[in-house]
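Subject: Handover of a structure

Dear colleague,

Please find the sequence and the structure below. My notes on them follow.

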Amino acid sequence: MILAQIGLSHHTTPIQLRERFSCPDSAITNAYHTLHGFGVNEVVIVSTCNRVELYACAEMSEEALRRTLVRFLSQFHHVPERDFDQHLQWRVDQEAAAHLMRVAASLDSLVLGEAQILGQVRNALRLAQDRGHAGYTLTRLFEQALHTGKRVQTETGLGRGRYSVGHAAVEMAGRIFDDFSKAKILILGAGKMSEVTARHLVEKGVKWVVVANRTYQRAVDLAIQLGGSAMAFDDAFNSGLADADIVIASTAAPHAIIHRSNLQPIMRRRRGKPLFIIDIAIPRDVDPNVNTLENVFLYNVDDLQHCVHEDATRRAGEAESARLIAEEETLAFLGWYRARQATPTIAQLKNHLDEIKEDYMRIFGPRLAHLSAKDRQTIETMVQSMMDQVARQPIQKLKRDAAGEGTVPISLAAATLHLFGLDGSGSGAEVVTESVEAPDGAPVRETA
Amino acid sequence: MMGPFIPLNILALLLYAASAAGYGAGLVLDAKNAPIADNRLRLAGLARPLLLMGIGVQVAATGAWCVSTHLSPFAAEYGTLSVLAWILALALAAADLKYHITAVNAVAMPVACLILFWGLMHSDRNPDETSLLKSQAISVHVLCILTSFALFALAFGCACCYLLQHRLLKSRSVRPFLRRLPPLATLDTVAYQATAFGLPLLAVGIGLGIVYMAKDRPGLTPMQWIFDPHNFIAFTLLFLYALYIVARLLFGWRGVRLQYILVAGLVLTLALYMVPNVTHHFQARSTSVSGA
């Protein structure tokens with residue numbers, strides 16, 4: 001069994017390419033269904049504005065699993081492999097686990113200590129579990145990662161800064177507007193990210209909030225939460241943009257909805273009043289050319305995060321503490337994961353010993369017929385205890401060895417399989433034994 | 001001519017220079033650990049008192065001049081430039097105290113220092129003792145013009161910071177030492193207020209000049225007077241700032257283009273100081289004494 005991670009992140013992939021691999025919650029069922037078709041059943045998709053990553057656990061070779069996942073990414077997102085192959089990050093086993101711990105600890109985020117990532121990891125696990133794609137190993141891995149994230153938030157100062165896109169937006173808006181109470185926000189798309197970003201601005205004193213969403217009722221709901229008002233989606237592109245000072249665009253549209261050509265006449269009507277556009281949608285909602293318009297300041301997710309990146313790096317000491325926690329949790333998971341690798345061997349060994357006992361009880365049972373039921377039970381318990389006693393230490397050693405705590409420079413699991421003549425298939429049913437003869441000389445059980 | 005005002009102005013210059021260094025150092029050093037958009041400088045806490053002390057010392061220096069010479073400070077280029085530096089420092093201090101635009105002061109304080117330094121360099125010239133310069137109307141004329149220039153210089157500083165901040169925001173750049181630039185809205189407000197006060201003062205100054213010309217220089221025709229390069233530029237300057245105020249106030253225009261008007265305004269102001277005067281001078285001399 002191999003545990004692997006493949007994906008594209010802000011470290012290696014520009015937003016122009018990353019947005020083509022965006023996998024919103026609405027498309028996730030289809031994605032898991034497609035993955036099932038590719039023969040990968042235990043998989044979790046983590047899709048955020050910074051990354052699109054797949055964590056998979058499968059009984060196939062490393063190369064075969066990589067090929068399968070790359071093919072899935074290419075076919076599902078309609079992007080030729082050659083366009084993204086060089087941007088892919090591929091990690092297996094220990095590296096894959098360690099990477100997820102770093103992601104959950106927000107150490108892999110562009111903004112160290114950002115608060116959203118933990119919720120996004122939790123959501124990814126929930127979506128995979130709901131669709132039956134998070135198996136025992138991945139569930140354990142993600143739970144360990146969530147635990148890591150929580151520890152980092154509570155035990156280090158990295159979480160106390162709580163830098164996020166929302167904070168970055170407030171910081172940048174502060175370079176344009178001096179009095180937030182007079183600023184007007186227009187929210188395009190009533191998603192979680194826009195809500196979080198708007199909430200930061202409202203906390204800074206913004207009083208005038210208008211929400212526009214394709215589903216009007218969702219706009220109304222968010223507007224009530226933020227103490228603002230709702231607007232029809234189409235009106236937002238006219239009066240909304242003309243009146244607003246800050247626009248938060250976070251719709252699920254698959255392409256840009258604000259272009260230079262439709263903003264230009266609006267900017268003329270605004271008479272040079274600055275317009276700060278925060279495009280946190282992936283794929284982006286606003287054509288990058290909009291930034292060439294005078295008095296328009298367009299920032300997408302990467303831009304905002306770069307703006308506060310420097311502030312976050314100032315907390316390098318806190319990051320070091322978080323890194324140690326992530327490493328500790330990775331080791332804890334790997335201990336469990338490797339011990340789990342020895343489970344089939346242990347099961348086979350137990351089955352093998354049980355079968356020997358059963359065989360002997362069957363052979364010698366007739367000779368004990370004269371004994372009372374109580375005595376026969378005593379003998380059977382004694383045999384079972386002997387068997388357990390014999391197996392106890394080898395099983396403990398096997399577990400410790402698998403978890404990496406062993407001192408023997410060989411794999412005890414392999415040695416056990418070899419010594420006991422087990423075939424390693426995992427069922428434990430097919431056991432090769434020396435022939436055992438019945439009292440009458442006929443072989444009781446003999447398998448080659 | 002050496003009096004107590006020279007050492008006092010030298011002291012004021014040193015205080016201004018120290019204040020400028022404090023604002024500048026704050027802009028560079030404090031910004032490393034500063035959150036974005038927080039335009040208050042910790043070192044400004046030191047620079048601000050130095051600036052206020054410099055202003056106080058200059059008041060004493062100007063008073064000493066008036067007492068010892070019985071002349072208006074505008075009777076000599078030194079005194080005029082000294083007053084200009086004082087008004088600019090006063091405007092910067094007021095703007096800093098109200099809006100905390102310390103980054104603008106980091107840029108503009110060296111200008112005040114240069115003006116005062118330039119005045120001190122010319123302190124050996126004898127003052128013009130014509131009766132004209134004892135006239136209160138001419139003193140008000142010069143004072144109004146100088147105050148408007150100081151305010152336009154402040155507006156220019158804000159406009160430059162605005163353009164720099166605008167460029168940084170456009171390029172999504174976060175240079176550490178430029179993080180302390182004030183928000184665009186603050187810069188726009190301060191520039192507007194400085195111009196809104198400066199424009200009427202310029203108009204009053206020019207108006208008093210016209211009254212003087214009509215009353216005491218009857219030999220000059222209006223055409224001669226208007227096409228004097230100095231006066232022509234002064235009118236262009238008035239028109240330019242009026243254009244800014246009208247665009248801002250009546251049409252509600254904001255943004256980058258208006259800042260270019262303010263930059264052009266200061267360039268014209270400098271040109272006003274540089275161009276030769278044909279008609280704009282006091283009777284006793286062939287060149288302008290006041291420099292206004």
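In which strand of chain A does A:Cys57 lie? A:Cys57 belongs to strand E3, residues 51-58 of chain A; helices (H or I, at least four residues) and strands (E, at least two) are DSSP runs, numbered from the N terminus.

Before the details, a note on conventions. Residues are numbered from 1 along each chain as its sequence is written, while chains are lettered from A and ligands numbered from 1 in the order in which they are written. The model is predicted, so local features need pLDDT of at least 70, side-chain atom pairs count only at pLDDT 80 or more, and totals for chains, interfaces and linings use all residues; side-chain values use heavy atoms, with hydrogens and water left out.

Confidence

The predictor assigns the complex an ipTM of 0.80 and a pTM of 0.70. In chain A the mean pLDDT (the predictor's confidence in each residue, from 0 to 100) is 83, and 88% of the residues reach 70 or more. Residues 427-448 of chain A stay under 50; the model has 41 contacts for them beyond four places in sequence, a contact being heavy atoms within 4.5 Å.

Chain B has an average pLDDT of 82, with 84% of its residues scoring at least 70. Within chain B, confidence is lowest in helix H7 (residues 222-226), where the mean is 74, and highest in H8(B), at 91. In residues 32-40 of chain B the pLDDT remains under 50, and this stretch has 29 contacts beyond four places in sequence. The pLDDT is also below 50 over residues 283-292 of chain B, which have 29 contacts in the model beyond near neighbours in sequence.

Chain A

A:Cys57 is buried, as its relative accessible area is 5%; buried means under 20%, exposed over 50%, and partly exposed in between (1.4 Å probe, protein chains only). Leaving aside residues up to four places away in sequence, A:Cys57 touches A:Met1, A:Ile2, A:Leu3, A:Glu42, A:Thr137 and A:Leu138. Its C-alpha atom is separated by 8.9 Å from that of A:Gln5, 52 residues apart along the chain.

A:Thr68 is found in helix H3 (residues 62-77) of chain A. This residue is buried too, with a relative accessible area of 8%, and touches A:Phe38, A:Val40 and A:Met60, residues up to four places away not being counted.

In helix H11 (residues 216-226) of chain A, the buried residues are A:Ala219, A:Leu222, A:Ala223 and A:Leu226. Seen down the helix axis, they fall within an arc of 105 degrees, so they line one face of H11(A); the arc is that of the directions from the helix axis to the C-beta atoms. They pack against strand E5 (184-188), helix H10 (192-203), strand E6 (208-213) and strand E7 (229-232) of chain A. Just after H11(A), A:Gly227 adopts a positive phi of about 75 degrees.

Chain B

Chain B contains 9 helices and 0 strands. Of its 292 residues, 56% are buried. Among its contacts with a separation of 6 or more, 82% join residues 24 or more positions apart. Its accessible surface (Shrake-Rupley method, 1.4 Å probe; for residues, only the protein chains shown count as cover) comes to about 12500 Å², and 72% of that belongs to carbon and sulfur atoms.

B:Phe251 sits in the loop between helix H8 (229-249) and helix H9 (256-274) of chain B. B:Phe251 is partly exposed, at a relative accessible area of 44%.

Yours sincerely
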